[in-house]
Each structure stands twice: as C-alpha cells, then as structure tokens.
Amino acid sequence: MRTTGRAVAAGVAVAAAIKSGIDSAADLEEQMAKFQSSTGATAEEVEKINALAKELYATNTDSMEDIVATSSAMMTQMGATVEQVEALQQSIMDFA
C-alpha cells in the first residue's frame, strides 16, 4: 500500500511538472510573438531574446511576460540592440 501511494504521488508530481512545462512553453511562445510584433525583430533576434528569456526565467522571480516586456522596452524605448539587451537586462531587472 505504501509503495503504491508513493508511486501515485510521484506520478501526480510528474504530471504537474509536465503541465507546468507545457504552460510555460505556450506562455513563452505567446510572449515572443508579442515581442516580435512590437519591436519588428528579425527571426534571429527573436531566437536570441528567446534564449535570454529562458535563461533569465530560470534565475529570477519575474514572470516570462515581465522578462520579455523588459526586452521589448529596452529595444523600443531605449533603442538598445539585441546584444545590449543580452548584456544589460539582468542589471536593469535588478535595478527595477
């Protein structure tokens, strides 16, 4: 009985993690579409910001939406290049 209960609990935890991963992937895809639309970024620039967003999401408490919005603001309001966003976004998020 104990082993079965543990197996069920582990299965539920794995299912929740998978669903969370799917939700996060869908959220990232939606945020990247908004980013490209608002900035006019090329496909290559979108891929770079996508990788940056994943990296920042893994090490920050900010939502994916906030992370990508910060990238967008840096490019549209500050005129930053993708390379500048990659170099400075963590510092700007820390300051904010």
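In this predicted model, helix α2 (residues 43-59) and helix α3 (residues 64-76) have axes that come within 10 Å and cross at roughly 135°. Angles over 145 degrees would count as roughly antiparallel and those from 65 to 115 as roughly perpendicular; α2 and α3 are therefore oblique to each other. Their crossing is right-handed.

On the α2 side, the residues that meet α3 are I49, A53, L56 and Y57. Across from them, α3 contributes M64, I67, V68 and S71. By class, this contact of α2 with α3 has 7 nonpolar residues and 1 polar residue, with no charged residues.

Helix α2 also has a contact with helix α4, which spans residues 82-95. Here the axes again come within 10 Å, and the crossing angle is roughly 20°. Angles under 35 degrees count as roughly parallel, and α2 and α4 are therefore roughly parallel to each other. The crossing of this pair is right-handed.

From α2, the residues that make the contact with α4 are E45, K48, I49, L52, L56 and T59. From α4, they are V82, E83, V85, E86, Q89, Q90 and M93. The residues of the contact between α2 and α4 divide into 6 nonpolar, 3 polar and 4 charged.

Two residues of α2 link the two descriptions. I49 takes part in the contact with α3 and also in the contact with α4. L56 likewise meets α3 and belongs to the contact with α4.

Key. Residues numbered from 1 in each chain as written. Predicted model: local features only at pLDDT ≥ 70, side-chain atom pairs only at ≥ 80, totals over all residues. Heavy atoms only, no water. Axes fitted to C-alpha atoms, helices over the stretch in contact; angles between N-to-C directions. Helix = DSSP H or I, 4+ residues; strand = E, 2+ residues; numbered from the N terminus. Left-handed = near helix turned anticlockwise from the far one by under 90°. Contact = heavy atoms within 4.5 Å. Nonpolar A, V, L, I, M, F, W, Y, C, P; charged D, E, K, R; others polar.
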